[in-house]
Amino acid sequence: MKFDILTLFPKMFFSPFEESILARGIEKGLIEIRTINIRNFAQDKHQVVDDTPYGGGQGMVMKVEPIARAIEQVRAEDPSAWTIYLTPEGKPLNQERVKELSSRSHLILLCGRYEGVDERVRELFIDEEISIGDYVLTGGELAAMVLIDAVSRLVPGVLGSDRSAENDSFYDDLLEYPQYTRPANFRGYEVPSVLLSGNHQAISLWRRREALRRTYLRRPDLLSKATLSEEDKQILEEIAKKNR
Ligand code: 6GU
């Protein structure tokens, strides 16, 4: 899986991918992340990448030509590359979209700054616009990192066999059950005894119940699309009764 990040601030990407799981994914050759400085594609002497908006108004707009040349260079190497513009005006990112993106082999991620990019960039070069939530960042760089992290961990082999994406929150549209590790007693706060019982069936039931409870209390909006068994529905009834 290849990621080409088009940005005015390539240094922002130096450390996030040098740690832990993503670093190993890169080392193993499963993911490849390049940063491309849009400024290198400005052709004038001062390497200008932004300008004042036609029609007036605040701020600066990223110019079309440097971005066009940068995207065209990547596409000349790989015409199948899919180009995403990170912007608060894009479609909100969710796990379903992350999964779809992980099936592509090459993503170009354009990071906007200032008041955004010249509209012709969007019309001519962008396949898809993505936002990571309803709040405003100073630029698309952090959003690109979020997207790369979420997509990379679904690339086969990136997560070790001990960590499976199948246990994720959102994999089955439920939040996860609570986890504990030693000590069994921390300042009088004990680990639920069922987890120490060795009774795997009881543990599974407890975990399912807690996942359902947590989802009911924190993210009831998720329950309508979750896949629920008859037993799950019964458990939810009990939880609902207790919380009435
Ligand atoms: Cl993709 N960019 C910016 N600048 N702000 C955001 C965003 C993206 N997603 C949420 N807020």
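Contact here means heavy atoms within 4.5 Å. In this predicted model, D50 touches M60, V61, M62, K63 and Y114, leaving aside residues up to four places away in sequence. D50 is found in strand β3, which covers residues 50–51. The residue is buried yet forms no salt bridge, and R39, the nearest side chain of opposite charge, is 5.9 Å away.

The secondary structure of the chain consists of eight helices and nine strands. The radius of gyration is 23 Å, whereas a compact globule of 244 residues would have a value near 18 Å. The C-alpha trace spans about 70 × 40 × 40 Å along its principal axes. Of the 244 residues, 40% count as buried. Among contacts with a separation of 6 or more, 75% are accounted for by residues 24 or more positions apart. The accessible surface comes to about 14900 Å², and carbon and sulfur atoms contribute 49% of this area.

The count of salt bridges is 17. One of them joins the side chains of D4 and R34, with an N to O distance of 2.5 Å. This pair links distant parts of the chain, with D4 in strand β1 (residues 2–7) and R34 in strand β2 (residues 32–37), 30 residues apart. D4 counts as buried at 1% relative accessibility, while R34 is partly exposed at 30%.

R208 forms a salt bridge with D232, the closest N and O atoms being 2.9 Å apart. R208 lies in helix α6 (residues 200–218) and D232 in helix α8 (residues 230–242), so the pair ties together parts that are 24 residues apart in sequence. The relative accessible area of R208 is 25%, which makes this residue partly exposed; D232, at 5%, counts as buried. E119 is partly exposed, with a relative accessible area of 42%, and R122 is buried, with 16%.

A nonpolar surface patch of about 530 Å² is made by F9, M12, Y114, Y135, L137 and L142. L142 is located in helix α5 (residues 141–152) and is partly exposed, with a relative accessible area of 45%. Y114, a member of this patch, is also among the residues touched by D50.

How values were computed: Residues numbered from 1 in each chain as written. Predicted model: local features only at pLDDT ≥ 70, side-chain atom pairs only at ≥ 80, totals over all residues. Heavy atoms only, no water. Patch = residues over 30% accessible without salt bridge, like charges linked within 9 Å, V, L, I, M, F, W, Y side chains within 5 Å. Areas by Shrake-Rupley, 256 points an atom, 1.4 Å probe, with all protein chains shown as cover. Salt bridge = Lys/Arg side-chain N within 4 Å of Asp/Glu carboxyl O. Helix = DSSP H or I, 4+ residues; strand = E, 2+ residues; numbered from the N terminus. Buried < 20%, exposed > 50% of the residue type's maximum accessible area, 1.4 Å probe, protein only. Lys, Arg positive; Asp, Glu negative; His and termini not counted. Rg over C-alpha atoms; globule rule 2.2 N^0.38 Å.
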